[in-house]
Protein chains: 2
Amino acid sequence: SSPFDAERPLALPPNTSLERFKDFMRQIGDIVGSENATVISSDAELQHESYMDPSKAYDMYHITTKEYLVSSAVVAPRNVPEVQAIVRLCNDFEIPLWPFSIGRNVGYGGAAPRVTGSVGLDMGRNMKKILEVNTEGAYAFVEPGVTFIDLHDYLVEHNLREKLWIDVPDLGGGSVIGNTVERGVGYTPYGDHWMMHCGMEVVLPDGSLWRSGMGGLPNPNADPNAPPHEQKPNDTWGLFNYGFGPYNDGIFTQSSLGIVVKMGIWLMVNPGGYQSYLITFPKDDNLHAALEIIRPLRVGMVLQNVPTMRHILLDAAVMGDRKSYTNSDKPLTDDELDAIATKLNLGRWNFYGAVYGPKPIRDVILQVIKGAFLQVPGAKYFEPEDMPDNLVLQTRHNTLQGIPSTTELKWVDWLPNGAHLFFSPIAKVSGDDGVAQYEVTRTRCEEAGFDFIGTFVVGMREMHHIVCIVFNRKDPSSRKRAHWLIRTLIDDAAERGWGEYRTHLSVMDQIAGTYSFNDHAQMRLNEKIKEALDPKGIISPGKNGIWPKGYKKEDWAIPNE
Amino acid sequence: SSPFDAERPLALPPNTSLERFKDFMRQIGDIVGSENATVISSDAELQHESYMDPSKAYDMYHITTKEYLVSSAVVAPRNVPEVQAIVRLCNDFEIPLWPFSIGRNVGYGGAAPRVTGSVGLDMGRNMKKILEVNTEGAYAFVEPGVTFIDLHDYLVEHNLREKLWIDVPDLGGGSVIGNTVERGVGYTPYGDHWMMHCGMEVVLPDGSLWRSGMGGLPNPNADPNAPPHEQKPNDTWGLFNYGFGPYNDGIFTQSSLGIVVKMGIWLMVNPGGYQSYLITFPKDDNLHAALEIIRPLRVGMVLQNVPTMRHILLDAAVMGDRKSYTNSDKPLTDDELDAIATKLNLGRWNFYGAVYGPKPIRDVILQVIKGAFLQVPGAKYFEPEDMPDNLVLQTRHNTLQGIPSTTELKWVDWLPNGAHLFFSPIAKVSGDDGVAQYEVTRTRCEEAGFDFIGTFVVGMREMHHIVCIVFNRKDPSSRKRAHWLIRTLIDDAAERGWGEYRTHLSVMDQIAGTYSFNDHAQMRLNEKIKEALDPKGIISPGKNGIWPKGYKKEDWAIPNE
Ligand SMILES: Cc1cc2nc3c(=O)[nH]c(=O)nc-3n(C[C@H](O)[C@H](O)[C@H](O)COP(=O)(O)OP(=O)(O)OC[C@H]3O[C@@H](n4cnc5c(N)ncnc54)[C@H](O)[C@@H]3O)c2cc1C
Ligand SMILES: Cc1cc2nc3c(=O)[nH]c(=O)nc-3n(C[C@H](O)[C@H](O)[C@H](O)COP(=O)(O)OP(=O)(O)OC[C@H]3O[C@@H](n4cnc5c(N)ncnc54)[C@H](O)[C@@H]3O)c2cc1C
């Protein structure tokens with residue numbers, strides 16, 4: 001008898017009887033060991049609340065019914081052959097798998113699957129080795145369970161931070177692989193994680209193993225009798241991305257075409273000097289002028305990294321919850337926002353940047369930066385020493401040099417029982433566009449009864465405008481309004497030609513639908529590739545709106561709570 | 001009666017009777033107009049000799065029989081719907097198409113197809129508009145026929161070079177699209193062309209039209225009744241690459257999955273200052289030390305661009321032909337090479353770089369660069385003013401700031417009736433690896449009776465080692481030796497774990513075969529995607545070793561001359 005015999009999951013996989021599911025789980029237990037397989041069988045398992053201890057089975061910050069985006073079981077393979085065996089078993093049983101690495105994808109659905117009753121594949125629990133940190137080549141190879149904090153700690157412990165920096169998102173607890181395959185961003189010059197990846201090892205939907213780029217070329221020192229995943233990789237795998245022939249890596253991002261088991265990521269060489277800074281803009285409508293200043297500086301590489309232009313409330317929320325600022329239950333007014341800014345000695349908009357390199361270089365660049373921004377009346381320049389008590393500035397001083405933290409988590413607690421949802425449209429770096437996005441999103445947030453909290457993350461030639469919809473996860477009305485808000489914003493945005501770069505499970509179909517050029521040519525291509533590589537639709541069905549042949553999208557419409 | 005009625009092509013497409021071919025060409029004529037369709041029917045059409053006037057139908061620098069890599073006809077569509085109609089017609093007739101943009105892919109096969117009798121699709125002849133140069137966003141959109149020279153001239157004519165620079169390969173006559181989809185390289189900080197592309201419009205093998213990334217999101221100002229290819233694209237198409245969902249752009253590089261009809265490319269903002277330089281290294285064995293110096297400087301971004309370490313003979317060959325240096329018909333000895341270096345006031349190795357930015361920044365960086373390289377005994381630093389007669393330095397002074405030229409073409413004439421073939425392995429940036437590649441390739445070149453001519457092109461974390469095999473195109477023995485040489489080098493390299501980034505038609509199968517990890521997992525994935533998108537194998541069969549289902553690779557083995 002197996003430990004799973006007694007257990008009935010809260011949700012079975014589609015078209016799967018309990019008997020068949022038990023049979024499946026027995027075989028899963030044989031593959032990974034029963035200690036690495038958990039059937040999600042009771043509401044007690046759906047009680048996670050925080051990024052620090054995230055659920056591996058459902059969306060802690062659900063905006064639809066709690067039981068909808070939930071796994072039937074969570075399975076944690078110990079090595080690559082186990083991943084392969086699981087994938088093959090899922091093909092046999094036609095049971096969908098939802099791989100994740102850490103499950104801290106909060107605001108986008110966490111570890112939850114899109115299809116109720118999918119089997120969650122917890123890649124990070126057992127597979128978390130830092131496989132290599134190559135100092136000369138300035139890259140690392142990691143397994144899915146390696147977090148930004150892990151990788152940073154490794155550098156510190158091995159006295160390597162004098163040589164190499166990593167790039168980190170606002171929070172360091174996520175997976176380097178998970179974040180990168182979702183095309184997440186950080187804030188050093190290496191902030192575009194996908195651009196900086198180099199080399200992938202992927203289990204394909206048929207269970208076979210593929211190495212990208214130069215990884216296709218055997219290392220002459222590899223043991224040809226070793227199983228493929230253990231064969232010493234080519235020396236240039238982490239050095240050159242493209243290899244020979246079609247460059248296929250990108251199809252494994254924001255996709256459902258494979259399970260990434262190893263990845264290389266370029267590390268930044270310590271630039272030999274660093275200075276972070278904050279520039280505050282006193283007025284709400286300074287945003288326009290500031291963005292017009294940012295564009296030429298960023299595209300001209302005077303701004304060397306991924307700086308952010310943060311709305312006052314994002315900073316305020318890191319420093320205190322809503323109650324500490326107001327008793328009002330209406331969205332904060334401009335006067336109230338001004339008062340908060342004054343109280344915190346911040347601007348209505350606050351720009352966090354840094355310069356990199358030896359002092360003479362930094363001085364030249366900083367002079368240009370100050371000369372440009374300080375033309376905005378009332379704008380002020382600060383360095384971290386000027387504001388020892390400014391928690392945000394102190395944190396960003398670390399973030400912008402790749403030192404991870406979890407401080408920013410605090411803004412999630414803006415409301416009691418704080419939960420959040422990200423609305424993340426791409427914006428032109430222009431005053432008109434930024435202000436228009438701010439106005440539309442703020443107006444809608446307020447219409448939904450929420451404060452606007454947001455930040456413009458400035459990439460090479462565009463901004464990821466991250467609107468942080470904070471809601472009360474225990475208040476059904478709050479959840480409902482958050483759901484209404486994001487659905488409404490997606491349509492508002494599409495009408496104006498704005499599209500999102502990434503999204504929550506609940507609105508993947510809607511957003512995919514907005515990328516509709518030429519009768520949904522993008523989706524038709526995606527579906528063709530999906531069908532070719534994963535004919536049974538085993539991996540992450542519904543992810544980013546791509547439904548395998550066997551699924552009717554309508555059947556999987558997200559219920560309103 | 002049609003103008004094609006009388007014509008019999010030198011080579012018919014596979015499995016196609018003359019009657020059927022004529023029927024096909026009649027319909028092609030209806031699509032593009034007879035003036036845009038040429039049947040390749042006589043040897044008179046196979047007499048091209050030079051990059052400046054390249055053949056659109058065969059490989060001018062063939063190393064197999066001249067008639068093998070040859071098109072049955074060359075067809076030049078005038079617009080996107082014509083491309084779509086041609087692709088559909090080819091599906092009906094099961095006749096393979098070989099798209100190219102300009103056909104200056106010399107050294108890699110030029111415009112010639114891999115499968116004898118394919119129809120060459122000359123994308124550049126009529127489709128050569130610069131669709132947009134966006135000064136604020138620093139990008140351009142171009143059609144296939146736009147060359148680097150065209151794009152540069154546009155900037156100059158519109159007084160935009162004060163604001164924007166392009167990045168150019170050594171020769172400026174190629175297509176921005178053709179070079180970028182082959183993942184070609186240039187030498188400014190934007191030297192990795194593929195990394196800097198943003199936005200593609202592609203005709204897929206079924207004739208449908210796809211726009212990548214943000215191009216999937218309709219522009220609200222687009223006319224929905226216009227044909228898709230004419231619809232005003234989304235404002236962020238050229239600003240943000242990844243869009244939403246799988247990032248598929250890479251599958252259209254070095255591949256046979258589509259025909260690129262528009263592409264966006266990021267332009268570099270004029271950095272506000274520039275200084276090019278040459279550092280000469282007197283001894284052959286200085287290469288080791290120099291590469292060890294380059295690695296940390298490049299990965300640390302002290303070297304801001306793609307510099308090159310050139311072998312003396314590459315420079316010598318630009319300045320004169322072989323006869324001007326020697327009467328010997330044996331490969332030049334070390335003593336002779338030393339003498340040439342001395343005569344030209346160059347080193348055995350010559351490093352061409354540049355620094356970018358305002359003077360104070362350049363000064364700091366240059367100080368570090370000089371301090372590092374000039375530790376090599378005998379190394380010398382020069383700026384262009386120091387060597388007004390050094391043609392290579394004067395040319396690279398332009399190339400490294402994105403000013404195109406065709407000067408480097410001269411090295412092709414090293415031998416009488418000069419032709420060339422590139423062997424392009426990826427190398428670690430390390431003394432050991434670089435020297436090992438130099439030794440292996442030089443030894444084999446000399447074994448084949450050729451001089452070693454080559455350069456190390458230093459990318460972000462690796463080098464494209466470009467070995468320029470110059471041969472006499474009218475001497476069968478010379479062609480044969482070149483063919484032997486590249487085949488032998490590919491195996492030599494693979495044995496040592498070195499793989500090529502791009503290659504000539506004649507050895508695509510061989511190189512694809514070296515990327516054999518895990519029972520050719522890369523090829524199996526490529527074939528699956530090919531089969532899904534192009535079930536009839538219409539587009540570029542055999543390209544980079546990928547053969548559609550209908551083809552037996554063995555039937556298409558490249559004949560020895
Ligand atoms: C306060 C706050 C600030 C944040 N700041 C940022 C930020 O600055 N930048 C940013 O990018 N995000 C940010 N986030 C969002 C999120 O926390 C991070 O992106 C986080 O790294 C994602 O979670 P994860 O790494 O655990 O990924 P996971 O949850 O493990 O994975 C995310 C998804 O990626 C795919 N995936 C993961 N692993 C694999 C694999 N091995 N194979 C195939 N597919 C896989 C799956 O679809 C999975 O659902 C923030 C969140 C909060 C709450
Ligand atoms: C002296 C010399 C120096 C050189 N230096 C460099 C250098 O510095 N860097 C470098 O990269 N190369 C270099 N080259 C090689 C070559 O000249 C360039 O790469 C050139 O840009 C390629 O030719 P093209 O642009 O005309 O491409 P094309 O011949 O038009 O296309 C090349 C291939 O790309 C694909 N392709 C082209 N257009 C399309 C399309 N629209 N849709 C789908 N597929 C398409 C096809 O497979 C085609 O065969 C050099 C060559 C010489 C002789």
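**View 1. Lys370(B) is partly exposed, with a relative accessible area of 30%.** The categories are buried for under 20% relative accessible area, exposed for over 50%, and partly exposed in between (1.4 Å probe, protein chains only). The model is predicted: local features need pLDDT of at least 70, side-chain atom pairs count only at pLDDT 80 or more, and totals for chains, interfaces and linings use all residues. Residues are numbered from 1 along each chain as its sequence is written, chains are lettered from A and ligands numbered from 1 in the order in which they are written, and side-chain values use heavy atoms, with hydrogens and water left out. Lys370(B) belongs to helix H9 of chain B, residues 359-373; helices (H or I, at least four residues) and strands (E, at least two) are DSSP runs numbered from the N terminus. Between the C-alpha atoms of Lys370(B) and Cys198(B), which are 172 residues apart along the chain, the separation is 36 Å.

**View 2. Ala339(B) is situated in helix H8 of chain B, residues 334-344.** Its relative accessible area of 46% makes Ala339(B) partly exposed. Tyr277(B) is 62 residues from Ala339(B) along the chain, and their C-alpha atoms are 23 Å apart.

**View 3. Helix H7 (residues 312-319) of chain B and H8(B) have axes that come within 10 Å and cross at roughly 55°.** H7(B) is therefore oblique to H8(B). Axes are lines fitted to C-alpha atoms, for helices over the stretch in contact, with angles from 0 to 180 degrees between N-to-C directions; angles under 35 degrees count as roughly parallel, over 145 as roughly antiparallel, 65 to 115 as roughly perpendicular and the rest as oblique. The crossing of H7(B) past H8(B) is left-handed (near helix turned anticlockwise from the far one by less than a right angle; right-handed if clockwise). Ile312(B), Leu313(B), Ala316(B) and Met319(B) of H7(B) form the contact with Leu337(B), Ile340(B), Ala341(B) and Leu344(B) of H8(B), where contact means heavy atoms within 4.5 Å. This contact of H7(B) with H8(B) comprises 8 nonpolar, no polar and no charged residues (nonpolar: Ala, Val, Leu, Ile, Met, Phe, Trp, Tyr, Cys and Pro; charged: Asp, Glu, Lys and Arg; polar: the others, Gly among them).

**View 4. In chain A, the axes of helix H6 (residues 286-299) and helix H11 (residues 431-447) come within 8 Å and cross at roughly 140°.** H6(A) and H11(A) are therefore oblique to each other, and H6(A) passes H11(A) in a right-handed crossing. From H6(A), Leu287(A), His288(A), Leu291(A) and Glu292(A) meet Gly431(A), Asp432(A), Gly434(A), Val435(A) and Tyr438(A) of H11(A). By class, the residues of this contact of H6(A) with H11(A) are 4 nonpolar, 3 polar and 2 charged.

**View 5. Ser256(B) occupies the loop between strand S9 (209-211) and strand S10 (259-266) of chain B.** With a relative accessible area of 1%, Ser256(B) is buried. Apart from neighbours within four places in sequence, Ser256(B) contacts Lys530(B), Asp534(B), Ile539(B), Ser540(B) and Lys543(B).

**View 6. Thr280(B) is placed in strand S12 of chain B, residues 274-281.** Thr280(B) counts as buried, at 5% relative accessibility. Apart from neighbours within four places in sequence, its contacts include Leu346(B), Gly347(B), Trp349(B) and Phe382(B).

**View 7. Chain B is superposed on chain A by a rotation of 180° with 0.0 Å of shift along its axis (RMSD 0.0 Å).** The two copies are thus related as by a two-fold rotation axis; superposition is by least squares on the C-alpha atoms of residues with pLDDT of at least 70 in both. Of the interface residues of chain B, 100% are also interface residues in chain A, so the copies meet through the same surface.
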